[in-house]
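Here's a quick briefing to read alongside the structure. Have the viewer open, since the notes hop between cores, a helix pair and charged side chains.

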Amino acid sequence: MTSAQQFAKNFANGGGGFAKATELKQRILFTLGALLVYRLGSHIPLPGIDAGALERLFNQQGKGILGMFDVFSGGSLSRMTIFALSIMPYISASIIMQLLSATIPSLEKLKKEGGAGYQRILQYTRQLTVVLALFQAYGVSLGLSSADGIVVNPGILFMVTSVITLTSGTMFLMWLSEQITQRGVGQGASVLIFAGILANLPLAIVQVLELGRSGALSVFLIVAVFLLMIVMIAFIVFMERAQRRVVVNYPKRQVGLNRMAGGEASHIPIKINVSGVIPPIFASALLLLPTTILGFLGQAGNDAAWLQWLNTFLGRGALGHNIFYAALIIFFAFFYTAVVFNANETADNLRKQGGIVLGHRPGEDTAKYFDYILSRLTVVGALYLVVVCLLPEILISKYSLPFYLGGTSILIVVSVTMDTITQVQGHLFAHQYENLLKKARMSGNNFGNINLPR
């Protein structure tokens, strides 16, 4: 029986380690409480907004970048609530700091300092989040003020109030995500995005069924869409679990006068998709910019022939859109993988620890071997992302399916679910190990007095 099957059995029976794991239950309850606060806040509207006019705007512009970011905000953007910016400025700041840490020597040095360096980088990330949130909040309030009829009383008071409210909402979500990471289950920012997408999935399914009832979609096509989703979920699970294990041998070393330690073999796991969901998000944002610009420019955008041509060429469902979408996903997959996995640093750490990859000299030769493996894995991972994101994209553009059924949404939901289950399993195994030690002490076994062979 695998560890996942054992976990499912214990969870279903309400017994085993889960029923006695008090800390784990507290973490799960804390996470659920935090998500409840998040969902309540995503329904508190921004003051001074006409809900009817806002709904009409989203009906016109919902297929652009606004619709995509509304997915990540869990519908908060289309309702224009206090959490309209969602956690995205914090995620953007984290990505920017990762990129800067790989290119700026001072930040790279901080990254290698351990806990203290990590806290400094985290502080810089929070400060950058404030800057990005202020900038985005100003842009949102300016766009709302320039649109006809959306703001009840446009003016400087609305601008100041909106910027402060939206920025405060993002900072609260940043704090909440960090609390989930420390005191709950899962990675906080990912869990918040996951909750927003999952909360709107039932509505997306209802919209698909409504399209079938009105005759816009055939029953066969609806069944095919849901079957495709099931197949995609299974495919994503398989690919996200797949990894290449590079075997590393550690030589024996003398400890004391007559003892030898070490000599064991370990491995370094390298995932096929190291970049995660970052490439589809960046690619979608770039390709949907022309549509969004046209929507905000109004008549001026309609008079710009080059912008109209670009919007048609890169419009959803067009051949140019699909080609550039696939190309951008592949580009960002290679780019972000190079940032996340540093082959030279990994090889240098192995050399310091005495680890050896068979057939390769420590140092530069090992780094080249890691680059060789990583480049080929990234090709497979990038093609996997293209398939997962492009097939639903074609269906969305051709049959007007909701954004929440897109490949990026499904990829986020499945990945976060897998990571959260893995973390829960880790807490369960740690709890079972503690219980084993307690039983051993109660039975009189004293592991500290075991005589080691000399």
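What follows is a short tour by topic.

Keep in mind that this is a predicted model. The largest nonpolar core holds 38 residues, with Ile270 and Phe370 touching the most other members. Helices H7 and H17 pack at an angle of about 65 degrees, and the salt-bridge count comes to seven.

**Nonpolar cores**

- Leaving aside residues up to four places away in sequence, Ile270 touches Gln243, Arg244, Val246, Phe341, Phe370, Ile373, Leu374 and Leu377.
- Another core, of 31 residues, lies apart from that one, and its members include Ala34, Tyr38, Met88 and Tyr90.

**The H7–H17 crossing**

- H7 covers residues 88–103 and H17 covers residues 319–340, and their axes sit 9 Å apart.
- The two helices cross in a left-handed way.
- On the H7 side, the contact uses Ile95, Gln98, Leu99 and Ala102, while H17 brings Phe335, Tyr336 and Val339.
- Sorted by class, that contact has six nonpolar residues, one polar and no charged ones.

- Arg27 pairs with Glu23, with the closest N and O atoms 3.5 Å apart.
- Both of these residues belong to helix H3 (residues 22–41), four residues apart, or about one turn of the helix.
- Arg27 has a relative accessible area of 16%, so it counts as buried, the cut-off being under 20%.
- Lys368 and Glu364 form a salt bridge as well, at 3.6 Å from N to O.
- That pair is also four residues apart, about one turn, this time in helix H19.
- Lys368 and Glu364 are both exposed.

- Arg126 and Glu178 meet in a salt bridge at 2.9 Å, N to O.
- Arg126 lies in helix H9 (residues 115–146) and Glu178 in helix H10 (residues 156–183), so this pair ties together parts that are 52 residues apart in sequence.
- Buried or partly exposed: which is Arg126? At 23% relative accessibility, Arg126 is partly exposed, whereas Glu178 is buried at 11%.

Notes: Residues are numbered from 1 along each chain as its sequence is written. This is a predicted model: local features need pLDDT of at least 70, side-chain atom pairs count only at pLDDT 80 or more; totals for chains, interfaces and linings use all residues. Side-chain values use heavy atoms; hydrogens and water are left out. Axes are lines fitted to C-alpha atoms, for helices over the stretch in contact, and angles run from 0 to 180 degrees between N-to-C directions. A crossing is left-handed if the near helix is turned anticlockwise from the far one by less than a right angle, and right-handed if clockwise. Contact means heavy atoms within 4.5 Å. Ala, Val, Leu, Ile, Met, Phe, Trp, Tyr, Cys and Pro count as nonpolar, Asp, Glu, Lys and Arg as charged, and the others, Gly among them, as polar. A nonpolar core is a set of buried Ala, Val, Leu, Ile, Met, Phe, Trp, Tyr and Cys residues joined through side-chain atoms within 4.5 Å. Buried means under 20% relative accessible area, exposed over 50%, partly exposed in between (1.4 Å probe, protein chains only). A salt bridge is a side-chain nitrogen of Lys or Arg within 4 Å of a carboxyl oxygen of Asp or Glu.
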